[in-house]
Amino acid sequence: TQTLASCISKTSSTAERKEFIFDFIKTFIEADIPLEKTSKFSPFLQKYCKQGGSVPAPSHLRSDYLPQLFPQYLEDIKQAVHRSPVYVIADETTDACGRCVLAILLQPVGKPPVAADLIFLDRVNFSTVSQAVISCLNTNNINFNDVWAFVTDSASYMKKAYNTILHGLFPNASHVTCLAHLLQLVLEVFPDKFEELNRMCALVKRVFCQSPKRRLELRAFMMQQGLSPLMPVFAVQTRWGSWIKAVQYLEENIDILQGFIPTLPPTSKAVRDLGVLLEGNGKLLKVQASFIVEHSTDILATLTKLEETSTPTAASIFSQLEDLSMLFDYGRTADAEDWRPKTREQLKELNEDERYTCSELFKQAMAECSTKLQAVIERHPCTELFKVLPIFDPAKVSGLKPDIKEYVQVVPALRNVSTEEWHRYIRMDKSDAGEVSAV
């Protein structure tokens, strides 16, 4: 017969088993490990964990246990954003099957963002995006007055979604378009202007990307030359800055490729075309690659900093954009002697006509970068805000204007700051403050 004590013991064991399985699944999800991998952990769990043998098969975890965790996940999101001002971050992408996916993140001010929704859209336009954002906010019980920013890329449908629908619903919000995305658009000037170099990047990718045999042969060739066997870097359209990195590889290894490509059987059209290109224009292409690598360093550094999630950049970004603008403006009228060291030295190896052609091409590229960057600065909805944000950095108060009214229009909260307090903040003495008051 079954005793009361055995029933209680059995119930406790079942509860512990379920708790172990749920915690196990949560750990895998938070670590971004597919549940399919859980079967690989079975021997380890059975050996070292008391409940290790109780973990079901991956299919059972997905069908029976994972759905039970989802309501708690939704509740955790609601708790994270409860009665807190938030930033709404939206971005559209495609999955492995080519379906359009809209990801919506909610970031409570001063806290990390949480993934609030992932929506598959049949059509991507301002209407479907607006509906998805409004539905997400309603689901998570967020007051529209608590939305402080709508952060997206610069896609036209995102702008239209905010300007025609969301702007009227979010009275306290600003539309912040991703500066990293806009700077990537500036970088796209280089592959457009340097067509032959862009063609070489594409040919190198076609020759090596899908051919492990050629990569092994290149590795052996470089080791025979006493060099470190660095494999080609390929440009990927969805990876910002990857084209510049591919050019950097070519700039460093173009001499190696000139020696290696003729050793390959000319059975492939890509191999033949790359060989002809390197033989006829190798020296010019190397100079152009050096120019791009040297003169894109600053914009790549700014792009990398913008992509970092742990480093605040808003207070310093406008000065960085101004520095980039000055760099590109200077390049509009630069001579062969005005470029950066490596480019300058390699230009000397060209004849006069080639040197003139390259210099003119460089100036055109810098002029187009300058024009695009200026358009980014002028059209970005938060440019005026970025200009005044340094007022919140005590290290930069020496350059602030003494009249607080200059900043009130962009930062309305400064209306609550008295003139005396403002002058104390910017460390003005009383005589200077009196002159400002008189004016």
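**Aromatic pairs in a predicted model**

Ring pairs link Phe-190, Phe-194, Phe-291, Trp-339 and Phe-362 into a cluster. This is a predicted model, in which local features need pLDDT of at least 70 and side-chain atom pairs count only at pLDDT 80 or more, while totals for chains, interfaces and linings use all residues. Residues are numbered from 1 along each chain as its sequence is written, and side-chain values use heavy atoms, with hydrogens and water left out.

Visitor: How many aromatic pairs does the structure hold?

Guide: Rings of Phe, Tyr and Trp (its six-membered ring) pair if their centres lie within 6.5 Å; planes under 30 degrees apart count as stacked, over 60 as edge-to-face and the rest as tilted. The number of aromatic pairs in the structure is 18.

Visitor: Which class does the pair of Phe-144 and Phe-170 belong to?

Guide: The ring centres of Phe-144 and Phe-170 are 5.4 Å apart. Their planes stand at 75°, so the pair is edge-to-face.

Visitor: How far apart in sequence are the parts that Phe-144 and Phe-170 tie together?

Guide: Helices (H or I, at least four residues) and strands (E, at least two) are DSSP runs, numbered from the N terminus. Phe-144 lies in the loop between α4 (126-139) and β4 (147-152). Phe-170 lies in the loop between α5 (156-169) and β5 (174-177), so the pair ties together parts whose separation in sequence is 26 residues.

Visitor: Is Phe-170 buried or exposed?

Guide: Buried means under 20% relative accessible area, exposed over 50%, and partly exposed in between (1.4 Å probe, protein chains only). Phe-170 has 0% relative accessibility, so this residue counts as buried.
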